[in-house]
Amino acid sequence: MNDKKIDKKTLEFLSELKDNNYREWFQANKSRYEEARDNVLAFSERLRERISAFDPEVSLGYPIKKVMFRIYRDTRFSRDKSPYKRHIGVNINDNGILKSPFAGYYLSIEPGECLIASGCYAPEKRELGLLRDAFDLDWELFEEEVLGNKEFASLIGGLSHEERMLKRVPMGYPKDSPAAEYLKLTSFYGYALMSDKIVMSDSALDEAEKLCRAMLPLKKFINRALSYSEDE
């Protein structure tokens, strides 16, 4: 199993799954899924080793399969009843908890949509408050440490505004806050796409590592905010 790049067969399987998203097809092609899954796991393991070299908070002590998301969709509350996701996702983080509220490095493999991300997606009420407080009170620090970081600025650019945003600054925060547009966010993450050509090339690990390294200032800011305790 190639652990230095994503195999062409992995993207081919996911591309066909998109057009054949039903149980009978998946069961007939389950061995192809398992091969694709193992390819992404092997690549993620190598990437985690590289990440840990510049971010020692990322533990090497848990099996990488613990932080791979299931390909099966929860369709109970969705109009889309497709049983399978179109991507394979891995949340490389500090503690090996798949759905940890803390930021890690998220790898998603999907034809035409491969990406690296970091941050906090759809946080719970407490975490949402902590993050908004951090942006409001420490905006200058965020500007300096994150937006002012050359690698983050050039490769990531800022936080995503693709998820649902509030129309107004939430109650309890100044409407003229310099962080106003960030206070309206309901998810706090940045991401960068990688082309299919890149992820299938011999430079795939180098590119993924470069993007993760650029995400480090954001990861630190998010996790510092989420670690705040009123007892401190």
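Trainee: How many of the six residues of strand β3 are buried?

Mentor: Keep in mind that this is a predicted model. To read a strand's setting, go through its residues and check each one for burial. In β3, residues 115-120, six of the six are buried, so the strand is largely enclosed by the rest of the structure.

Trainee: Which residues of β3 point one way, and which the other?

Mentor: L115, A117 and G119 go one way, while I116, S118 and C120 go the other way, and all are buried.

Trainee: Which strands are joined to β3 by bridges?

Mentor: Take the partners in turn. Strand β2, residues 105-109, runs antiparallel to β3 and is joined to it by three bridges.

Trainee: What should I look for in the hairpin of β2 and β3?

Mentor: Check the backbone angles in the turn. Five residues sit between the two strands, and G112 takes a positive phi near 80°.

Trainee: Now the core. Which residues have the most contacts inside the largest nonpolar core?

Mentor: The general idea first: in soluble globular proteins, nonpolar side chains tend to be buried together. Here the largest nonpolar core has 66 residues, and I92, Y105, I116, F135 and F142 have the most contacts inside it. Helix α9, residues 204-226, gives the largest share of this core, 13 residues.

Trainee: What does I92 touch, beyond residues up to four places away in sequence?

Mentor: Its list is S44, L47, R48, I51, V58, Y62, I64, G104 and Y105. Pick out R48 from that list, an arginine in helix α3, residues 30-54.

Trainee: Is R48 buried or exposed?

Mentor: Compare its relative accessible area with the 20% cut-off for burial. R48 comes out at 2%, so it is buried. Next, ask what its side chain reaches: the backbone oxygen of Y62, at 2.8 Å. Setting aside neighbours within four places in sequence, R48 is in contact with V58, S59, L60, G61, Y62, I64 and I92.

Trainee: And T10, where does it lie?

Mentor: T10 is in helix α1, residues 8-19, and is buried, with a relative accessible area of 2%. T10 and A36 are 26 residues apart in sequence, but their C-alpha atoms are 4.6 Å apart. Leaving out neighbours within four places, T10 is in contact with A36, N39, V40 and I109.

Key
Residues are numbered from 1 along each chain as its sequence is written. This is a predicted model: local features need pLDDT of at least 70, side-chain atom pairs count only at pLDDT 80 or more; totals for chains, interfaces and linings use all residues. Side-chain values use heavy atoms; hydrogens and water are left out. Helices (H or I, at least four residues) and strands (E, at least two) are DSSP runs, numbered from the N terminus. Buried means under 20% relative accessible area, exposed over 50%, partly exposed in between (1.4 Å probe, protein chains only). A polar contact is a pair of N or O atoms within 3.5 Å; within protein, one must be able to donate a hydrogen and the other to accept it, and residues adjacent in sequence count only if both atoms are side-chain atoms. Contact means heavy atoms within 4.5 Å. Two strands pair if DSSP finds at least two bridges between them. A nonpolar core is a set of buried Ala, Val, Leu, Ile, Met, Phe, Trp, Tyr and Cys residues joined through side-chain atoms within 4.5 Å.
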